Structure formats: C-alpha cells, structure tokens
Amino acid sequence: MRVYIKEENEKAILFNALTNEKIAEFKDVSEAVKFAIENHYELPVRDFKGDFVTDKEGNFVYIDEKGFFELADGTLLEGVKQCPNCGWIAYGEEVCDEDNQPRECFVCPKCGNIFECTPPPDELPAED
Ligand SMILES: [Zn+2]
C-alpha cells in the first residue's frame, strides 16, 4: 500500500495515498517512517536530504519495481529522471545553450541542475 506523511500541528500523520485516509499519528516523521517500513507500506521517493519528492503539482512520487517514477495511483511520470545533484525528479525540457542552440535536457525544479543534454536532431524542419 502506498502512503505519505504530512506534518501537521507538530505531528506526523500517515495517510493512505490512494484514499487519503488517515492511518495513524506520530510525534515525528522518523517515527511515521519507521511504522511505515515495519508495515511494508510504500513511502514516496525521498531526495538526498530525506525530503519526500513531489511532482510539479505537489503529488507524491513513488518508484515502481522496474524503477519507473509514478504517482500513488500508478500514473507513470514520463520524461523524468532523478537529479544526480539533489535526488529530486528532473523533467525533460528544451534548454538553450550558451550559443542559443536549443537542446533537450533534464532540468531539476528543486536545485536548478541541468543535465544529460542532447542536441536536437538536425533534420527538424525550421519553424518560421
Ligand atoms: Zn536537483
């Protein structure tokens, strides 16, 4: 079962990620994490600092057994990759390099890291 943890009124509350039902309350996040692990609940992906990763809309992000990122309901997040700098999810975006040439890169919304750029195919019809 997929779960997430929300901090509220100095408590950490564990929720069912699909139904948003409250499962239990804890005095801090580490206790909630411990409980989730003991019960074999699936927690969202965490970045290198230990923060739970969310997508751009604020939905928690999970990782499936094949290593793909998806939302609690199984919606696959396409064109994303874990940022090697901070562990957040980076999105495939078009970025202009120093010569003003557009490139496909992964851009991390958390730390601003831009990585794994590929030049666009040469054969693209020029838009005018
Ligand atoms: Zn990052």
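**A sheet and a helix in a predicted chain**

Leucine 14 has alanine 24, in strand S3, as its bridge partner. Residues are numbered from 1 along each chain as its sequence is written. The model is predicted: local features need pLDDT of at least 70, side-chain atom pairs count only at pLDDT 80 or more, and totals for chains, interfaces and linings use all residues.

The antiparallel pairing of strand S2 (residues 11–16) with S3 runs over 4 bridges; two strands pair if DSSP finds at least two bridges between them. Strands of a sheet pair through backbone hydrogen bonds, either parallel or antiparallel. Here 3 strands form an open antiparallel sheet in the order S1-S2-S3. Strand S1 (3–8) and strand S3 (22–26) are its edge strands, each pairing on one side only. On average, neighbouring strands of this sheet are turned by 25° against each other, direction ignored.

Helix H1 (residues 29–38) lies across S1, S2 and S3 and runs at about 30° to S2. Axes are lines fitted to C-alpha atoms, for helices over the stretch in contact (C-beta atoms, placed from the backbone, within 7 Å), and angles run from 0 to 180 degrees between N-to-C directions.

The chain has 1 helix and 9 strands, in the sequence pattern β-β-β-α-β-β-β-β-β-β. These are DSSP runs numbered from the N terminus: helices are H or I with at least four residues, strands E with at least two.

The C-alpha trace spans about 55 × 25 × 25 Å along its principal axes. Of the contacts with a separation of 6 or more, 25% are between residues 24 or more positions apart.

Definitions and conventions:
Contact = placed C-beta atoms within 7 Å.
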